[in-house]
Amino acid sequence: MARPLRIEYAGALYHVTARGDGQEDIYLNAADREQFYTVLGEVCDRYNWVIHAYCLMDNHYHLLIETPDKNLSKGMRHLNGVYTQRFNHTHGRVGHVFQGRYKAILVEKDAYLLELARYIVLNPVRARMVRAAKEWPWSSYRATVGQRVPQKWLHTDWILSAFAKQKKTAMTRYKTFVSEGKHQPSPWEQLKNQIFLGDEAFVENMLCKMSPEIKLSEIPAAQKRTPPKPLSFYEKKFPDRNTAITHAYRSGGYSMEEVGEYFGLHYSRVSRIIRNVEMAKDKT
């Protein structure tokens, strides 16, 4: 299976995760987590990264990273590579600490920043490691609500400014927002083309940012394809039902069964409709 292609540009926002090799822990004690903070701080200084939220679990981490410069991959090589070296040196080990490549999701800032920030700090709660986000010391939650001084590389103002102009009020509203998110659906249900979290316009814009030097054969098909328009779009655009069905199926975004379910038809009937429409088109 082709690996998702990285898209980098100045001002991008990413949700990044990396897991331990063989699902093993990447932090064995509090000192390891502090060491990770140190390396992350070095990366932020060197590559001008901005961290809006984070959570260090036992065998993986989550980061919400903004890159004012076009350099996610360079920073990630430094972060995972240097941490691996220091972890192995500390514990007298050799080999990989992380499992394969990190995963990076491009995020539409205005629509998903808050939802992802909440999702990240609630990871220990969903894993039933703690009952509330405030109980987990290895996330950005406590710093965001004023219970701890933020690391110099953690920027909480962007998130808090979405809740109120006055910081104390914003913190209170942020607490409520996070507590209300425990039973919300995962934002990954809205993931598009493997690496995009945003609407269709955002995805199309990101696809346009792909470097012209990249060979099309290197881009996974699922990532290259523009997300399909909703089936209601085809129903409204083509008053003739059969024509709407044909265009919807030919968009490549839906199976015959999905098209049939929307229009209230069995998929075999959809197949005949498509075949008849295309035969009629060939005769004209």
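1. The largest nonpolar core of this protein comprises 74 residues, and Trp49 and Tyr61 are the members with the most contacts inside it. The model under discussion is predicted.

2. When neighbours within four places in sequence are left aside, Trp49 is in contact with Leu40, Val43, Cys44, Ile65, Glu66, Thr67, Pro68, Asn71, Leu72, Gly75 and Met76.

3. Another core, of 12 residues, lies apart from the largest one; Leu231, Ala244, Val259 and Val270 are among its residues.

4. Helix H11 (residues 241-250) packs with helix H12 (residues 256-263) at an angle of about 145°, and their axes are 10 Å apart. H11 contributes Arg241, Ala244, Ile245, Ala248 and Tyr249 to the contact, while H12 contributes Met256, Val259 and Phe263. Classified by residue type, this contact has 7 nonpolar residues, no polar residues and 1 charged residue. The crossing of the two helices is right-handed.

5. As to the overall fold, the protein contains 13 helices and 5 strands. Among contacts in the protein with a separation of 6 or more, 70% are between residues 24 or more positions apart.

6. How much of the protein counts as buried? The figure is 45% of the 284 residues. The accessible surface amounts to about 15,300 Å², and carbon and sulfur atoms account for 50% of that surface.

Methods
Residues are numbered from 1 along each chain as its sequence is written. This is a predicted model: local features need pLDDT of at least 70, side-chain atom pairs count only at pLDDT 80 or more; totals for chains, interfaces and linings use all residues. Side-chain values use heavy atoms; hydrogens and water are left out. Axes are lines fitted to C-alpha atoms, for helices over the stretch in contact, and angles run from 0 to 180 degrees between N-to-C directions. Helices (H or I, at least four residues) and strands (E, at least two) are DSSP runs, numbered from the N terminus. A crossing is left-handed if the near helix is turned anticlockwise from the far one by less than a right angle, and right-handed if clockwise. Contact means heavy atoms within 4.5 Å. Ala, Val, Leu, Ile, Met, Phe, Trp, Tyr, Cys and Pro count as nonpolar, Asp, Glu, Lys and Arg as charged, and the others, Gly among them, as polar. A nonpolar core is a set of buried Ala, Val, Leu, Ile, Met, Phe, Trp, Tyr and Cys residues joined through side-chain atoms within 4.5 Å. Buried means under 20% relative accessible area, exposed over 50%, partly exposed in between (1.4 Å probe, protein chains only). Accessible areas come from the Shrake-Rupley method with a 1.4 Å probe; for residues, only the protein chains shown count as cover.
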